[in-house]
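Welcome! Take a moment to look over the sequence and the model below, and then we will walk through a few parts together.

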Amino acid sequence: MRYAVLVTGPAGAGKSTFCNGIMTHLQTAKRSGHIVNLDPAANSDAFEYEPSIDIRDLISLDDVMEHLGYGPNGGLVYCFEYLLQNMDWLDEELGGFEDEYLIIDCPGQIELYTHHPFLPTLVRHLQRLGIRTCATYLIESQFMEDKYKFFSGVLSAMSAMVNLEVSWVNIMSKMDLVTSNSEDRGSGRNGIRAKKDIARYLEPDPMLLISAPGSRDERTERDSKFHSLNQAIVQLIEDHPLVKFLPLDLTNPDSIETVLSHIDFVMQYGEDEEPKEPADLDEGDFADLE
Ligand SMILES: Nc1nc2c(ncn2[C@@H]2O[C@H](COP(=O)(O)OP(=O)(O)OP(=O)(O)O)[C@@H](O)[C@H]2O)c(=O)[nH]1
Ligand SMILES: [Mg+2]
């Protein structure tokens, strides 16, 4: 059985660093894994581990920009359209990997996750090849310092989830930065000071948008349209509590282990390799037989 973990999220969320972190962890646990780079604009320095499959071997953003005159974003879309037209390249690259755990590093343009058909097409393709696929969506802990920014992150995660019909693990990255913030109580910019505050972000409490004091509250009161938009968002998140974040602190191996075990769980990693434990039965279930 082959597995693939898509690592998605906005620019700079820590996706490539997370891919490296998982690789290190897999190696320590004597498990094998491979990085697949799907970012045609990736800087080679970003990879501690040489990607086993690299979209830049098929097409590079620099070439597209130089020879076809595209800018960076149009060029990226061009690269993906090119990949979709040349999926046999990917099939060939994937052909050499049996029983593998692929960690797929994606670019940070969120329009790719919210409305471009690229990722859904890719996921369907992987599933057709019999590869069990799940997706992670990272947002960085600094988002918690501004509740408006944070909820726009929640909405983009929701939108990505709805766009892609696979199991999801949402991750709050760079938690090491929060820890140091909370030790220095004076400097918490927008009130991320106590653990219970963090909990309201990891399991997003939409009331943060309405109740908590923040820099833009005056505007909220003055501008009733802004207020009713917030109300609508609160309602949406209350009605569809789809997004919860697992905290990720790459400086702590236990934290990586927890995140990885969630990813393994949603993909049912290893279930085929070991016989399944029969489900526990209540004594009562046998009563009729006696
Ligand atoms: N403190 C801290 N910094 C991090 C962590 N993860 C990433 N960074 C920093 O955040 C920046 C962006 O990290 P990347 O891993 O390149 O982020 P990315 O999501 O791959 O970025 P794009 O591919 O450009 O979208 C780099 O300067 C990293 O060093 C983390 O867990 N803690
Ligand atoms: Mg990256």
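How do the residues of the shell around ligand 1 divide into nonpolar, polar and charged? The table gives the answer for this predicted model.

| Kind of residue | Residues in the shell around ligand 1 |
|---|---|
| Nonpolar | six residues |
| Polar | six residues |

Now find the ligand in the picture. There are 16 residues around ligand 1, and those that come nearest are Gly 14, Lys 15, Ser 16, Thr 17 and Gly 108. Two helices, α1 (15-28) and α8 (175-183), each supply at least two residues of this shell. With three residues, α1 gives the most.

Next, turn to helix α3, which runs over residues 72-85 and has 14 residues. From its first C-alpha to its last, α3 reaches 20 Å, close to the 20 Å expected at 1.5 Å a residue. Which residues of α3 are buried? They are Gly 75, Leu 76, Cys 79 and Phe 80. These four cover an arc of only 140° around the axis, so they sit on the same side of α3. The buried residues of α3 pack against α2 (61-68) and α6 (118-128).

Finally, how confident is the predictor? The protein chain averages a pLDDT of 85, and 84% of the residues score at least 70. Over residues 284-290, however, pLDDT stays under 50, and the model has zero contacts beyond four places in sequence for them. For the complex, the predictor gives an ipTM of 0.99 and a pTM of 0.86.

Key
Residues are numbered from 1 along each chain as its sequence is written. Chains are lettered from A and ligands numbered from 1 in the order in which they are written. This is a predicted model: local features need pLDDT of at least 70, side-chain atom pairs count only at pLDDT 80 or more; totals for chains, interfaces and linings use all residues. The expected span of a helix is 1.5 Å times one less than its number of residues. A residue is buried if 20 or more other C-beta atoms lie within 10 Å of its own, exposed if 12 or fewer, and partly exposed in between; C-beta atoms are placed from the backbone. The arc is that of the directions from the helix axis to the C-beta atoms. Two residues are in contact if their C-beta atoms, placed from the backbone, lie within 7 Å. A residue is near a molecule or strand if its C-beta atom, placed from the backbone, lies within 6 Å of it. Ala, Val, Leu, Ile, Met, Phe, Trp, Tyr, Cys and Pro count as nonpolar, Asp, Glu, Lys and Arg as charged, and the others, Gly among them, as polar. pLDDT is the predictor's confidence in each residue, from 0 to 100.
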